[in-house]
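Me: I'm new to this one and would like to get my bearings. Could you walk me through it, one question at a time?

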Amino acid sequence: MTKYVIEGGRKLCGSTKVHGSKNSALPILAACIVCKGKNVIHNCPDLSDIDATCNILKHLGCTVSREGDTVIVDSTEVSENSIPDNLMREMRSSVIFLGAILSRTGEALLSSPGGCEIGLRPIDIHLDGMEKLGAQIVSEYGHIRCSNGGGLKGTKINLSFPSVGATENIMIAAASADGITVITNAAREPEISDLADFLNRGGARIAGAGESTVVIEGVKSLTGAEHTVIPDRIVAASYLSAAAFTGGEIELKSVIPAHLEPVLNVFEESGCRIDVNGRSISLTSPGRLKSVKMIRTMPYPGFPTDIQAPVAAMLTKAKGTSIIVETIFESRYKYIGELMRFGANINVDGRMAVIEGVPMLHGANVVSPDLRGGMALIVAGLGAEGTTVVADDNHICRGYETPEKVLSELNADIKRID
Ligand code: UD1
């Protein structure tokens, strides 16, 4: 168990560079399976989820190495088509390997990823997409066996929900299927375009990624590619929340401001000044924030579910009542019970959280329930009076590279104790 010990009440200030996107790097690393040869992935964050993905790649027969923030995956040899239970459980999004293994080897055997801290997370849309491409699927006793039925074939696939993972899985599988695949109601997250850019560098023909309709013209084979992962918009928004909450003033470098548009609007509504200059964003907090009327998490370009928790923490001291509606995941309010230990006043009714701003939070001993909920507790601790201890069972390091170091450089008093 890791502990983050925070002495709250210091304003964040200064400047920091945002690392590469976890949610982009994960599918790109999985896609290395179909891009046969040497793949060079720059700006790959150093996170436990990335380590777990690299372990899966090694298990499948790839050679994987890291030099600084560059990960090199040689997928010339892929000798395995199954992912054992222990590797699947390390990371829920390992289902992203399904399309890649199926396409490369003709058969994939995965254990079912199951639910996780934030919800049930079924994979029916992924499996439906694979079946439409011609795969035969047998799912029993917690295992999924998927074979390509003599070769995947391009087709029309309308997603019942714009699932990020399913869109990515289908894109990877369809990249070298026979014929054209058209995905409608596709997810539009920036990470989808990043994956398409990587696959296209390896020889794929994907158009429309980042829009609702993605057209994939299957090619015979893909080769290894070199690619730089986009910056992590969720990490950026998390540090902006912390700066806003502590009455601070920070600059984030190496970001793509357009990816943060739905979030920047909320910071402005809460009274912060936002200045965008090329690839940097500066935030100046007014001190005590104003409440925001209503935040509804939505697929991109809506407000991201992954930033719901840190922003909720930021609004606990705002003047007035803020309302959040979580529409994407059913169990994403577990951190709220912990926020109450700081003296926050929040009522949850189903998918809705009503936050009555209080003048002050007091440091508390809390337990991080999941990755983004854990960051919300760190944000709360930074803006609370006194000492906070966030006990964390390796959730936060899944998505934030050395947050204690980044925040210390931004004037916070935070230590990590392992
Ligand atoms: C990705 C992100 C995650 C983010 C989420 C939504 C990665 C590694 N993770 O997760 O950080 O919170 O997008 O922006 O990129 N669903 C089904 N059936 C399916 C697939 C999804 O019912 O087959 C449901 C999910 O349970 C959830 C919703 O659809 O309620 C959104 O899921 P999805 O977009 O697939 O999220 P992930 O790709 O898992």
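Me: How many salt bridges does a search of the whole structure find?

Reply: Keep in mind that this is a predicted model. In general, side chains of opposite charge can pair when their charged atoms come close. Searching the whole structure for salt bridges gives a count of twelve.

Me: Which parts of the chain does the salt bridge between Arg398 and Asp49 tie together, and how many residues apart are they in sequence?

Reply: The closest N and O atoms of Arg398 and Asp49 are 3.1 Å apart. Arg398 sits in the loop between β25 and α13, while Asp49 belongs to helix α2 (residues 48-60), so the pair ties together parts of the chain whose separation in sequence is 349 residues.

Me: Is Asp49 buried or exposed?

Reply: Buried means under 20% relative accessible area. Asp49 has a relative accessible area of 1%, so Asp49 is buried.

Me: What about Asp418, which forms a salt bridge with Arg416: is Asp418 buried or exposed?

Reply: In that pair, the closest N and O atoms are 3.1 Å apart. Arg416 is partly exposed, at 32% relative accessible area. Exposed means over 50%, and Asp418 has 67%, so Asp418 is exposed.

Me: Which residue forms a salt bridge with Arg332?

Reply: Arg332 is in the loop between β21 (321-325) and α11 (334-340), and its partner is in the loop between β20 (294-296) and α10 (308-315), 26 residues apart. Both residues are buried. The closest N and O atoms are 2.7 Å apart, and the partner is Asp306.

Me: How far is an oxygen atom of the ligand from an N or O atom in the side chain of Asp306?

Reply: Asp306 is among the closest of the 19 residues that surround the ligand. Ser163 is also in that closest group, with a polar side-chain atom 2.6 Å from a ligand oxygen. For the side chain of Asp306, the distance from a ligand oxygen to an N or O atom is 2.6 Å.

Me: How much of the ligand's exposed area does the protein bury?

Reply: Taken alone, the ligand exposes 740 Å². Of that area, the protein buries 86%.

Me: Which residue's side chain makes a polar contact of 2.9 Å with that of Glu191?

Reply: Glu191 is part of helix α7 (residues 190-201), and it counts as buried at 4% relative accessibility. Leaving out residues up to four places away in sequence, Glu191 touches Ser21, Asn23, Ser24, Glu168, Ile230 and Arg233. The 2.9 Å polar contact between side chains joins Glu191 to Arg233.

Note on methods: Residues are numbered from 1 along each chain as its sequence is written. This is a predicted model: local features need pLDDT of at least 70, side-chain atom pairs count only at pLDDT 80 or more; totals for chains, interfaces and linings use all residues. Side-chain values use heavy atoms; hydrogens and water are left out. A residue is near a molecule or strand if one of its heavy atoms lies within 4 Å of it. A polar contact is a pair of N or O atoms within 3.5 Å; within protein, one must be able to donate a hydrogen and the other to accept it, and residues adjacent in sequence count only if both atoms are side-chain atoms. Accessible areas come from the Shrake-Rupley method with a 1.4 Å probe; for residues, only the protein chains shown count as cover. Helices (H or I, at least four residues) and strands (E, at least two) are DSSP runs, numbered from the N terminus. Buried means under 20% relative accessible area, exposed over 50%, partly exposed in between (1.4 Å probe, protein chains only). Contact means heavy atoms within 4.5 Å. A salt bridge is a side-chain nitrogen of Lys or Arg within 4 Å of a carboxyl oxygen of Asp or Glu.
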